[in-house]
Amino acid sequence: MQCPYCNSKDLIWDSIHGNLICASCGSVIDTLYDYSQIGTSEEIIDLNKGVSERKETRNFIKLTEIISNKFRIFNNKENMKFITEDGELALSLLNMDKKVYKIYEFLEKNGMFSGRKIKIRVALSFYIAGYRCKKMKNILEKLHINEKYFRKITYKLPKELKYMNKELLD
């Protein structure tokens with residue numbers, strides 16, 4: 001074997017780095033490894049060792065358990081949804097009044113307020129159905145919705161939707 005650059009046959013093998021070097025010009029010609037020098041003893045490093053003993057980790061695990069207990073999977077025919085306890089309570093409130101349920105279905109079909117939580121959409125359904133004053137306050141309390149926040153949302157209701165109520169219910 002000879003150096004392809006200067007044609008010298010004076011080659012040196014660096015066993016530490018595994019390089020074949022020309023002694024004349026200093027070019028690295030090839031990389032060769034001697035696997036017989038590598039030891040067979042392996043040291044296994046367990047990165048998870050002692051992790052569960054840390055306070056932060058225990059707190060994180062508790063937090064994830066609390067969060068996972070708050071959400072339930074609702075398997076709809078179209079897709080799966082994650083619903084909070086408030087959302088589940090809101091859906092059960094829809095059974096109180098058939099008018100409200102029809103309005104809620106209309107909102108769902110047309111994608112109105114689809115970016116809002118289920119409990120907000122249910123509360124809006126009650127509002128459109130004509131629930132006001134004490135009845136509406138009771139519903140907002142049950143669903144844990146702030147009254148001022150809900151008023152802001154009702155201002156955003158389209159006028160057509162407010163007057164469409166009679167057509168929806170018939």
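The model is predicted, so local features need pLDDT of at least 70 and side-chain atom pairs count only at pLDDT 80 or more, while totals for chains, interfaces and linings use all residues. Residues are numbered from 1 along each chain as its sequence is written, and side-chain values use heavy atoms, leaving out hydrogens and water.

**Helices α2 and α4**
- Helix α2 (residues 85-93) and helix α4 (residues 118-128) have axes that come within 8 Å and cross at roughly 25°.
- The two helices are therefore roughly parallel to each other (angles under 35 degrees count as such).
- On the α2 side the contact (heavy atoms within 4.5 Å) involves Asp86, Gly87, Ala90, Leu91 and Leu93, and on the α4 side Ile118, Lys119, Val122 and Phe126.
- These contact residues divide into six nonpolar, one polar and two charged.

**Salt bridges**
- The whole structure holds two salt bridges (a side-chain nitrogen of Lys or Arg within 4 Å of a carboxyl oxygen of Asp or Glu).
- One joins the side chains of Asp86 and Lys119, at 3.4 Å from N to O.
- Asp86 lies in helix α2 and Lys119 in helix α4, so this pair ties together parts 33 residues apart in sequence.
- Arg121 forms a salt bridge with Glu108, with the closest N and O atoms 2.9 Å apart.
- Arg121 lies in helix α4 and Glu108 in helix α3 (residues 98-110), so this pair ties together parts 13 residues apart in sequence.

**Exposure of the paired residues**
- Lys119 counts as buried at 13% relative accessibility, and Arg121 is buried at 7% (buried means under 20% relative accessible area, exposed over 50%, partly exposed in between, with a 1.4 Å probe and protein chains only).
- Asp86 is partly exposed at 21%, and Glu108 is partly exposed at 31%.

Conventions
Axes are lines fitted to C-alpha atoms, for helices over the stretch in contact, and angles run from 0 to 180 degrees between N-to-C directions. Helices (H or I, at least four residues) and strands (E, at least two) are DSSP runs, numbered from the N terminus. Angles under 35 degrees count as roughly parallel, over 145 as roughly antiparallel, 65 to 115 as roughly perpendicular and the rest as oblique. Ala, Val, Leu, Ile, Met, Phe, Trp, Tyr, Cys and Pro count as nonpolar, Asp, Glu, Lys and Arg as charged, and the others, Gly among them, as polar.
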